[in-house]
Amino acid sequence: MELELEPLRLPGVEAKRPIVIAGPCSAETEEQVMDTATQLAAKGIRIFRAGIWKPRTKPGGFEGVGAVGLPWLQRVQKELGMLVSTEVATPRHVEAALEAGVDILWIGARTVANPFAMQELADSLRGADVPVLVKNPVNPDLELWIGGLERINGAGIKRLGVIHRGFSSYDKRIYRNLPMWHIPIELRRRIPHLPIFGDPSHIGGVRELVAPLSQQAMDLGFAGLIVESHCTPDSAWSDAKQQVTPDVLDFILDKLIIRDIKQTTESLETLRRQIDEIDNSVIELLAKRMRISREIGQYKREHNMTVVQTGRYTEILDKRGVQGVLCGMSGDFMKTIFEAIHEESVRQQIDVMNK
Ligand code: PEP
Ligand code: MN
């Protein structure tokens, strides 16, 4: 389905990259909202964010202040002249947010992963003239993301954008949510005029990663950034580690290098980023393969088996060689790669057996 899009049209906001949305993960108190928003406004930020209804992994955590926070956002609009945005996850949230005059709505990653919830939200948005930003679903499924956009667009919402906040993974060594940049890149190839906002806070999960991830989003030509900023980040009621003060945000934004967007989506920079991303995946997959080799080593040790079983090795080299050739690579290349992989696997197994 072709999306029918219109520009976001954000009154008072320059169309210059990056369009910045900033504010705390959650609205906590009226003072915290006003203090943060006042400092952000003083730095020239025009769009405020604050979660009023918070999706939590487990019950009992801080689930947001709820509708009592809406008048605080209205104060931000009236007293500071900012546009305000919040997350909606149910038709009840949509109704309350629209009633309160919230300027921009976003739909969170957990909600986008659920087509029933997305359809209910779409139905509740019918007839509203409000920009909606759709976060990527928690799982790396581009079709699901696009399906969510189609549902919202199908309800007549034409001022649409997306937020790239990364994808859940067990592997949290660097990122809280893996960026998998190739997914938003492919989304832009499929729907070129859809504005993409990078969310360095939720991808990184720590404040040290906000700057480099913002730069990466800009290098990929994203339209904007949505960054979590709090007047006293360390005492935030949610996502404390990833929030930055308005001062630090201003410093980060000031240091960003904004390059011209090349007309073609296949600029060298974009292709190189894709290569980087794929190399990261190759390394992660190899590490996963080695972990399994170690498990096999453990099994062989427990069952008194030898490490190298030549039949299996020959089979791997032959099969992978044929597969590789079918995929357009040379047989010699495949042999070199898999010999090297096998050598490292054996080393890993021996290491486990000698423990
Ligand atoms: C948020 O923006 O605070 C949030 C809950 O994000 P996500 O849906 O990306 O986890
Ligand atoms: Mn958050």
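**Around the metal and the ligand**

Both His202 and Glu228 are buried, meaning under 20% relative accessible area with a 1.4 Å probe and protein chains only (over 50% is exposed, in between is partly exposed). Keep in mind that this is a predicted model, where local features need pLDDT of at least 70, side-chain atom pairs count only at pLDDT 80 or more, and totals for chains, interfaces and linings use all residues. Residues are numbered from 1 along each chain as its sequence is written, chains are lettered from A and ligands numbered from 1 in the order written, and side-chain values use heavy atoms, leaving out hydrogens and water.

What coordinates the manganese ion (ligand 2)? Cys25 (SG), His202 (NE2), Glu228 (OE) and Asp239 (OD) do, at 2.1 to 2.4 Å; donors here are N, O and S atoms within 2.8 Å of the metal (3.2 Å for Na, K and Ca), and the site may look incomplete since water is not among the atoms. Along the sequence, these donors are spaced C-x176-H-x25-E-x10-D.

Now for ligand 1. Its surroundings include Cys25, His202 and Glu228, along with Arg110 and Trp106, where a residue counts if one of its heavy atoms lies within 4 Å. A polar side-chain atom of Arg110 sits 2.9 Å from an oxygen atom of ligand 1. For His202, a polar side-chain atom is 3.3 Å from a ligand 1 oxygen atom, and Glu228 has one at 3.3 Å from an oxygen atom of ligand 1 too.

Last, the cysteines: a search of the whole structure turns up zero disulfides, a disulfide being a pair of cysteine sulfur atoms within 2.5 Å. For Cys231, the nearest cysteine sulfur, that of Cys25, is 13 Å away.

Key: Polar contact = N/O pair within 3.5 Å; in protein donor to acceptor, adjacent residues only side chain to side chain.
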